[in-house]
Amino acid sequence: TYSMDFVTLGMFIIDEIVWQDGTVQKDIIGGAGTWGLVGARMHLDSTSSKSIAMIIDEGNDFPQSSKEEIEGLNTGSIYRTDLNRKTTKGLNTYGPGEFRAFEFVTEKRRVEAEDLNEELLASKSFHLICEPKRAISLVNTMMKRRKEAGIESNRPLFFWEPFPGTVTPDYWEECKNEIKVVEDESQNMATA
């Protein structure tokens, strides 16, 4: 058993990428959670890489190449296997300038606070990718579950990556409330 330093609640997505010139790449690992995990992994050697994790949804069409790529990172990630559904997949289309379109092509399955086992729940930090109201709910639920599980430790750090389109004047009140429960906000390209 490893002591968790970082757990992302972002999704693992298998992407198909269509470039402006029409070139297509398939079975590319993606999702903000995946890239949070990869970013954290870049700072760790193989003796501590199991201290970071995510929940990876594995459907009946999960590519072996993606599994090998994820397992090559040597993290503490766990698979949530459901052979009755497809793996979460997305389509990224790039065009002139900074154009990027994204759509889910299979049903998405979010990671919820209730999905974390006790080892993941005891992490020292969490990466949340969502709208402000959901971030507040996730933090509150995780803190309640930690207390119920008897996890005695310092309050974990919560890093919030706003879901694209949710850092706008329309969400200002929610953002002000959300900022009170997280330690850091991480800008992504769409919200920077």
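In the predicted model, helix 2 (residues 64-71) lies across strand 2 and strand 3. The helix runs at about 40° to strand 3.

Both of these strands belong to an open sheet of four strands, arranged in the order 3-2-6-7 with mixed pairing. Strands of a sheet pair through backbone hydrogen bonds, either parallel or antiparallel. The edges of the sheet are formed by strand 3 and strand 7 (100-104). Each edge strand has a single partner strand, so one side of each is left without a neighbour in the sheet. Direction ignored, neighbouring strands of this sheet are turned by 25° against each other on average. The pairing of strand 2 with strand 3 is antiparallel and comprises five bridges. Within this pairing, Ile13 has Gly30 of strand 3 as its bridge partner.

Five aromatic pairs are found in the structure. In one of them, the ring centres of Trp19 and Tyr94 are 4.8 Å apart and the planes meet at 15°. Planes under 30 degrees apart count as stacked, and the Trp19-Tyr94 pair is therefore stacked. This pair joins distant parts of the chain, its two residues being 75 residues apart. Trp19 is in the loop between strand 2 (13-18) and strand 3 (24-30), whereas Tyr94 is in strand 6 (residues 89-94). Trp19 is partly exposed, at a relative accessible area of 36%. Tyr94 also counts as partly exposed, with a relative accessibility of 27%.

A further aromatic pair is formed by Phe102 and Phe104. Here the centre-to-centre distance is 5.0 Å and the angle between the planes is 85°. Because planes over 60 degrees apart count as edge-to-face, the Phe102-Phe104 pair falls under that description. Phe102 is partly exposed, its relative accessible area being 34%. For Phe104 the relative accessibility is 28%, which also counts as partly exposed.

Phe12, Phe62 and Tyr79 are linked by ring pairs into a cluster. The ring of Tyr79 additionally has the charged end of Lys67 sitting over it, 4.8 Å from the ring centre.

Methods:
Residues are numbered from 1 along each chain as its sequence is written. This is a predicted model: local features need pLDDT of at least 70, side-chain atom pairs count only at pLDDT 80 or more; totals for chains, interfaces and linings use all residues. Side-chain values use heavy atoms; hydrogens and water are left out. Rings of Phe, Tyr and Trp (its six-membered ring) pair if their centres lie within 6.5 Å; planes under 30 degrees apart count as stacked, over 60 as edge-to-face and the rest as tilted. Buried means under 20% relative accessible area, exposed over 50%, partly exposed in between (1.4 Å probe, protein chains only). A charge sits over a ring if NZ of Lys or CZ of Arg is within 6 Å of the ring centre and within 35 degrees of the ring normal. Two strands pair if DSSP finds at least two bridges between them. Axes are lines fitted to C-alpha atoms, for helices over the stretch in contact, and angles run from 0 to 180 degrees between N-to-C directions. Contact means heavy atoms within 4.5 Å.
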